[in-house]
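Good morning. Please have a look at the model first.

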Amino acid sequence: MGVQRIDKLLTAMGLCSRREAAAAAKSGAILVDGSPCRDAARKIDPDAQQLTFRGRPVGYQAHVYLMLHKPLGVVSATEDREHKTVLDLLPAEYRARGVFPVGRLDKETSGLLLLTDDGALGHALTSPKRGVRKVYEAKADGVLGEVDVKAFAEGITLRDGTVCRSAELEIRCVQNGISAVSVTVCEGKYHQVRRMLAARGAPVLELMRKAEGAVRLDPVLAPGEWRELTPEELAALRAEAAGNG
């Protein structure tokens with residue numbers, strides 16, 4: 001990436017403001033290759049030199065890519081005056097970088113939500129032209145059967161006349177009038193899965209997103225927890241965003 005000013009580098013990574021970087025340098029809290037750097041305007045090559053900020057090694061990342069287990073009751077927005085947002089679940093350094101949710105899960109839907117500050121990849125993953133597959137698990141109030149599986153495959157027409165693309169409905173279990181199902185869609189219309197199931201007379205009781213493209217929700221993550229994507233997960237997403245998935 002070439003040489004960068006230390007203060008600009010730290011600011012780009014959301015670790016501090018330029019004024020805070022200058023103060024940190026003067027206090028000896030910035031090290032370059034183990035030696036104090038008193039000038040935050042100094043230029044370094046982060047690929048060849050080791051930068052330490054307040055005791056923490058800093059490895060430059062042009063962008064960040066996160067997997068969040070979105071809990072119920074939290075909105076998929078960067079800000080909201082009334083409700084807690086998914087950004088409120090992240091450390092300040094990620095919020096400072098300007099990460100945003102890739103697509104949306106409504107307040108009453110939990111599960112996998114990707115976040116990034118890479119606008120190009122985020123746009124590609126949400127573009128209907130790419131057809132990135134999203135997998136949901138739901139509990140629906142109604143008895144669903146093979147006729148519903150066929151209807152999903154042919155393309156559901158919603159109650160307002162909106163036509164959805166072919167989707168996959170897998171019936172996992174039906175008990176006491178409640179159907180546990182898996183739904184796979186390749187588009188992201190507003191409240192789509194809820195509206196599709198309601199159109200078949202089975203309104204959603206619970207809804208959770210389990211996968212987006214090749215990336216599946218890490219079962220280790222509890223609601224509200226997050227982690228960065230692995231290089232393999234990121235490579236798979238990039239391939240799908242490019243239309244090669």
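I start with strand S2 (residues 30–32) and strand S5 (residues 51–53), which run antiparallel and are joined by 3 bridges. Two strands count as paired if DSSP finds at least two bridges between them. Helices (H or I, at least four residues) and strands (E, at least two) are DSSP runs, numbered from the N terminus. Ile30 stands opposite Phe53 in S5. The pair belongs to an open sheet of 4 strands, in the order S3-S2-S5-S6, with antiparallel pairing. Its edge strands are S3 (35–36) and S6 (56–58), each of which pairs on one side only.

Some housekeeping. This is a predicted model, in which local features need pLDDT of at least 70 and side-chain atom pairs count only at pLDDT 80 or more, while totals for chains, interfaces and linings use all residues. Residues are numbered from 1 along each chain as its sequence is written, and side-chain values use heavy atoms, with hydrogens and water left out.

Now the overall numbers. The secondary structure comes to 7 helices and 15 strands. The C-alpha trace spans about 70 × 35 × 30 Å along its principal axes. Of the 245 residues, 45% count as buried, where buried means under 20% relative accessible area, exposed means over 50%, and partly exposed is in between (1.4 Å probe, protein chains only). If we take contacts between residues at least 6 apart in sequence, 65% of them join residues at least 24 apart; a contact means heavy atoms within 4.5 Å. The accessible surface is about 12600 Å², and 49% of that belongs to carbon and sulfur atoms. Those areas come from the Shrake-Rupley method with a 1.4 Å probe; for residues, only the protein chains shown count as cover.

On charge, there are 35 positive and 32 negative side chains, and the centres of the two sets lie 4 Å apart. Lys and Arg count as positive and Asp and Glu as negative, with His and the chain ends not counted. Each charge is placed at NZ of Lys, CZ of Arg, CG of Asp or CD of Glu.

Next, strand S7, residues 65–70. How many of its residues are buried? The count is 6 of 6, so S7 is largely enclosed by the rest of the structure. Both faces are covered: Tyr65, Met67 and His69 are buried on one side, and Leu66, Leu68 and Lys70 on the other. S7 has antiparallel pairing with strand S9 (residues 110–116) over 6 bridges, and Tyr65 stands opposite Thr116 there. S7 is also joined by 3 bridges to S15 (residues 226–228), again antiparallel, with Leu68 opposite Trp226.

Leu114 has a relative accessible area of 3%, so it is buried. Among the residues it touches, not counting those up to four places away in sequence, are Leu66 and Met67, and also Phe100, Leu125, Val215 and Leu237. Leu114 and Phe100 are 14 residues apart in sequence and 8.5 Å apart in space, C-alpha to C-alpha.

On to strand S12, residues 178–185. Here 6 of the 8 residues are buried, so S12 too is largely enclosed by the rest of the structure. It runs antiparallel to S10 (residues 134–141), with 8 bridges joining the two, and Val183 is the bridge partner of Tyr136. S12 also pairs with S11 (residues 168–175) in the antiparallel sense, over 7 bridges; Val174 stands opposite Ser179. The hairpin of S11 and S12 has 2 residues between the strands, and Asn176 takes a positive phi near 55° in it.

Helix H6, residues 192–199, is mostly covered, with 6 of its 8 residues buried. Those are Gln192, Val193, Arg194, Met196, Leu197 and Ala198. They pack against S10, helix H5 (146–154), S11, S12 and strand S13 (204–212). Just after H6, Gly201 takes a positive phi of about 75°.

Last, the cysteines. The structure holds 0 disulfides, a disulfide being a pair of cysteine sulfur atoms within 2.5 Å. Cys164 counts as buried because its relative accessibility is 4%. Cys173 is at 37%, so it counts as partly exposed.
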